[in-house]
Amino acid sequence: GLQMYKTFFYHKEFLKKFKETISSAHFDNRLRLREILTFVSMQQKRVFMTVSSDLATDNRVHRSCLVLEELGYQIELLGRKKKNSPSMPKRSYGVRRLRLYFEKGALFYAELNIRLLLILLLNKQDFIFANDLDTLPAAFLASRLKRKPILYDSHELFTEVPELVGRPGVQKIWIALEKKILPHLGEMITVNQSIAEIFQEKYPLKVSVVRNVPMRLEMIEAHPKSFLGLSETQAMLIIQGSGLNVERGIEESVMAMQQISDAVLFLVGDGDVIPAVKKMVSELQLESKVRFVGRIPYHELLRYTAAADLGLALDKPLSLNYALALPNKVFDYIQAGTPILAGPLIEISRLVKTHDCGLILGEVSSFEIARAINKLLNDPQRLTLFSENCKKAAKVEHWGVDKEILAQVVQRVFI
């Protein structure tokens, strides 16, 4: 019923605009014929978007869908539903979450791409938007078979993720797929300048940077300390994200809490490191110093972020992909006015130093983390300065800027 209403409303608006155009053409002979024909040919084009995530907390993909909607496209987002996936928030566009028999490994990627390919081939669409290399084979093949324009968004340097670096045989397969497909794409987007430069050196295509920045948030209502179970004197530290995984400095941060007094570390989100970290917390008897919140909706997550005295982003440069990462949480900290303690990653260091909104560690170790946190918690003036600088940075480091870049790319590719 809603789709019928939207379609009716769309055509009603089209007729209204067409009538206005013809009327103005009657009185203004300067109006060019091309501008009239634009209205005549106007119709809502369909974009099918592919991604391997479970969609519920994939904010980058959600923002991309909203931009496409604003440009007048009808969206069908294809992702998956895992056994532990949260329920899907209400969206203004079409969503399909595929239940797959396999959840990881080669069989997962094969099943995912076969299912995506069948959906793309059996449904009508005008354009295809592929997110990450793990859905690109199906999207590219469908675009070739149906002769539809395709836009590729690489959220990371996929062929250099740690899971592949440690398995050179599997890595070679993904590298071969990338080398086979990317030279045939005229244009793509990625998350930061460092990764864009790597793609441009390797392949003859135009690469635009659309960063993982949140929407501009004028006001975030922080959770009060009483809600968080903290005393007024206790400091709150936070590590957040949908990927709380190994080698992100989480284990070292928990160990560092042994040397930090009057502070509590909140781990908000989920990932493969959490079971091991829960065991570590129990063994080190740190239950009073480390709290696990789990995955929560984004607007609720930001209330925790805004309550924190310090946001930790301690990913390690163990692979080229990690070394060049610029994760969402860093921008969330900035929007929430939360000072940042980060590891020595190229893009994060550049951002934090540009705005003077936090500290960069020389190395990610429990000793260095504890020393830096104790130093900052004992210097409230410096923390306040970093927080104020975060708020200033929030005025420029937001989706409003990057949204325009994405819109321009879409209008060039989807023709």
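**View 1. Strand E4 sits under cover along its length.** In strand E4 (residues 127–131), 5 of its 5 residues are buried, meaning under 20% relative accessible area with a 1.4 Å probe and protein chains only, where exposed is over 50% and partly exposed lies in between. Strands (E, at least two residues) and helices (H or I, at least four) are DSSP runs numbered from the N terminus. Side chains in a regular strand alternate between the two faces of the sheet. Here Phe127, Phe129 and Asn131 point one way, Ile128 and Ala130 the other, and all are buried.

This is a predicted model, with local features needing pLDDT of at least 70 and side-chain atom pairs counted only at pLDDT 80 or more, while totals for chains, interfaces and linings use all residues. Residues are numbered from 1 along each chain as its sequence is written, and side-chain values use heavy atoms, leaving out hydrogens and water.

View 2. Pairing here takes at least two DSSP bridges between two strands. Strand E1 (residues 46–50) runs parallel to E4 over 4 bridges, with Phe48 opposite Ile128. Strand E5 (residues 150–154) is also parallel to E4, again joined by 4 bridges, and there Ile128 stands opposite Ile150. Between E4 and E5 comes helix H5 (residues 136–146), and the three make a right-handed β-α-β unit: with the strands pointing away from the viewer, the path from the first strand over the helix to the second runs clockwise.

**View 3. Helix H3 is mostly covered.** H3 (residues 59–70) has 12 residues and reaches 17 Å from first C-alpha to last, close to the expected 16 Å, which is 1.5 Å times one less than the number of residues. Of its 12 residues, 9 are buried, among them Arg60, His62, Cys65 and Leu68. Just after the helix, Gly72 takes a positive phi of about 100 degrees.

**View 4. Six strands line up in an open sheet.** The order is E10-E9-E8-E11-E12-E13, with parallel pairing. Strand E10 (290–292) and strand E13 (358–360) are the edges, each pairing on one side only. Neighbouring strands are turned by 20 degrees against each other on average, direction ignored.

**View 5. Helix H14 packs on that sheet.** E11 (residues 310–313) and E12 (residues 340–342) pair in parallel over 3 bridges, and Ala313 stands opposite Ala342. H14 (residues 328–336) touches E8 (235–241), E11 and E12, and its direction makes about 165 degrees with that of E11. Contact means heavy atoms within 4.5 Å; axes are lines fitted to C-alpha atoms, for helices over the stretch in contact, and angles run from 0 to 180 degrees between N-to-C directions.
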